[in-house]
Amino acid sequence: MGVPATATLGDNFLRERAAKMRESLQKSQTITDNVVTILGSFDHRLSALETAMRPTQIRTNSIRKAHENIDKTLKAAEVILAQFDLSRQAETKILRGPHEDLESYLGAIGQLRNIIKFFSGHKGFKSSEVVLNQANNLLAKAISKLEDEFRQLLSSYSKPVEPERLFDCLPKSLQPSSESPGHDSGGKNHSSNHHSAHHDNSLETAVYTPPTLIPPRVLPLLHDLSQQMVQAGHQQQILKVYRDTRSVVLEESLRKLGVEKLSKDDVQKMAWEVLEAKIGNWIHFMRIAVKLLFAGERKVCDQIFEGFESLRDQSFAEVTSSSVSVLFSFGEAIAKSKRSPEKLFVLLDMYEIMRELHSEIETIFKGKACNEIRESASGLTKRLAQTAKDTFGDFEEAVEKDATKTAVLDGTVHPLTSYVINYVKFLFDYQATLKQLFQEFEDSGQTNSELATVTMQIMQALQSNLDGKSKHYRDPALTHLFLMNNIHYIVRSVRRSEAKDLLGDDWVQRHRRVVQQHANQYKRNAWSKILQCLSVQGLTSSGGGSVPGIDGGNSSGVSKALIKDRFKTFNMQFEELHQRQSQWAVPDTELRESLRLSVAEVLLPAYRSFLKRFGPLIDGGKNPQKYVRYQPEDLERMLGEFFEGKNLSEPKR
C-alpha cells in the first residue's frame, strides 16, 4: 500500500525545522565564543592599564598626605602661637598685681594654669620645657602676690565687734539695761533675773541675729583667692594667714565685751560678791559668744572655704580655740573651786547655760577638727553638774551641823531657818534644771522623787538643828515658842511655794500639828504657874472647898491673908511675864494674835472668876489697889503687848 502525500509533507517540514534549529544553535555558540574572546581581551587590557596607572596614584596620595600634614602643622602652630599670646597677656596682668583688678588677676592665673597644662601635654615641642619653666615661675610669683592680697583684704575688713552691736543682735529681753551697759546686773539678783529670762517662753523662739563680721561683697573675692591658693597647694599658708588674722579679732571682740582670762588661783582669791557678779557676766558672755560671735565666725569660714571641708573646719577650730579656752577655763575654775552652799545657784545657772547651748555648740563646732572643743564643752557641763550635786550634799550636812552662835533671844525665826527656806524656794525655781541634772546621774528617770527626797532631807536636817538650838534656852516656854515660830515659818513658806506639790499635803498637815503642839507646850510652861494663883485650892483652912456667901470679912475659914498673898503673887508673876514676854517675838501676825487669844481665853475667865469671888474681901480692907492692881480689861490690854519683840529701852505703851 502506498504512503499518503500528507504524511510525506509533514516529515519534510519537521526535518527542515530541525535543520534550522541546528543552524541557529551553531551561530549562538559562535557568538558566545566570540564574546568570551572579546571580554577576555578587555580584562587583559584593563589589568595592563591599572598596572600602568599605579605609579601615578601613589604620587597623588603622597601629595594629598603632604598637604594634610602641612595643614595640621599650620593649625598646631596657630594653637601654640595662641598659647604664647595668652601667656603674654597673663604675664602682663600678673606683673600688674592683684590690687587694681582682682578678678582679672584671678582670670590670668587661670589662663596660666591652662597654659602649663597645655605645654605639659606637648612635650614634643622643642621649646616646651623653657615655656613650662617660665610659666611655673610666673605662677609661683602670682600665688605669692595672691597670699599677700588675701592677707591684706582679710585684714582690712576684719574689725572687732563693739559690744553695742552685739547687744543689738540679742532678743529684747536679754539686752542690758541702760543703767548697766555692757554687763549683766551680777550680784544676788542675777540668779532670779537670769532665771525669769531663761524660763520666759518667748525666749525659746527668740531670734539671735549674728553680726556681719565681713561685708558680703568681700566674701566671694576671699573665696576665689583661697580657692586659687588651695589649688596651688598652699593650704597651710592660707590657714596660717586666716587663723592669725581672725583669732586676734575674735579675742579682741570678747575683750571689749568684758571677757577676762582668769586662772583658778584668781578665782579662789576673789571675794564672793565680786565672783558672783563675774559668774553672772560669764553666763551672758557665753550666750553672746556662741549664738553671735562663734555662729558668725562659722558662717564667714564656711563661705570663704566653701568646697574645702577639712580646711574649713580646721580654720574655724584654730580661729576659735583660744577664745573658747578662755571662756571654758573660767567655768572649769568655778567647777573645781572650793564648794560652798551659796555657789549652788550660780553652778546651776552655769550648768543651765551649757545645757541651753549644747545643740548649738554641736552644730557650730562640727567636724573632726572641732572634736576637742565639743569634748571640752561636754566635760565642763558634766563637771558643773557633779559639783552642783556635791554641793547639795554639803548643804544638807552644813544645815544639820550648823553651830552658829547667832543668839535669837526673843525666840523669833532663826536666820538659819529663813536662809534654808529661801534656799529651798530658789531650788524650786530651778526644777527643770534640777531634773536635767539628776538625769546625768540617775538611770531610773525618777527625777521628781529625787528632788522631793533632797528637799525632805534638807527640811529634816533643819528641824534637827533647830531642836538642838532650842535647848540653849533656859526657859522651857521660850524653847517651845522658838520651835513654834520656826516650824510655822517653814510650813507657811512650803504652803506658799511649789514645794507643797512635791512634799504633799500630808507633810504640811503633819507639821501644822507640830506647830500646835509647841503652842500648847508654850502655854503649859508659861501660864500654868500663874493660873495656880487663881485656883481656889489652898484658900480654906481645910485646904479646899468652896467659899459661899462672901461678905467682905473672914468667913467659912477663908484666909484673907492668903487671898492678899495670891493677888500679890499674881501681880508679880504677871508683871514679870509681861516684861519678859513683851520682848519675845512672834513675827507672824496671824499666829501672834492666835496665841494671845488662846492665852486670854484661859487667863481672863480664871481672873474674872477669882476677882469676883475674892475681890470684895480686899476691897473692904486697907489699900485694896495694892493687891487688886489690874482689872480684866487691863490684863487684856497688856496681853496685846506680848510677843512684840520690844527692847527694854522702849517705853511701855
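A residue is called buried when its relative accessible area is under 20%, exposed when that area is over 50%, and partly exposed in between (1.4 Å probe, protein chains only). The structure is a predicted model, in which local features need pLDDT of at least 70, side-chain atom pairs count only at pLDDT 80 or more, and totals for chains, interfaces and linings use all residues. Residues are numbered from 1 along each chain as its sequence is written, and side-chain values use heavy atoms, with hydrogens and water left out.

The protein contains 22 helices and zero strands; these are DSSP runs (helices H or I, at least four residues; strands E, at least two) numbered from the N terminus. Of its 653 residues, 42% are buried. Contacts (heavy atoms within 4.5 Å) between residues at least 6 apart in sequence join residues at least 24 apart in 82% of cases.

Helix α17 spans residues 476-495 and includes Asn486. Asn486 is buried, with 0% relative accessibility. Leaving aside residues up to four places away in sequence, Asn486 touches Thr412, Val413, His414, Thr417 and Leu466.

The whole structure has zero disulfides, a disulfide being a pair of cysteine sulfur atoms within 2.5 Å. For Cys301, the closest cysteine sulfur belongs to Cys370 and is 8.8 Å away, so the two are too far apart for a bond. Cys370, likewise in no disulfide, has the sulfur of Cys301 as its nearest cysteine sulfur.

| Residue | Relative accessible area |
|---|---|
| Cys301 | 0% |
| Cys370 | 0% |
| Asn486 | 0% |
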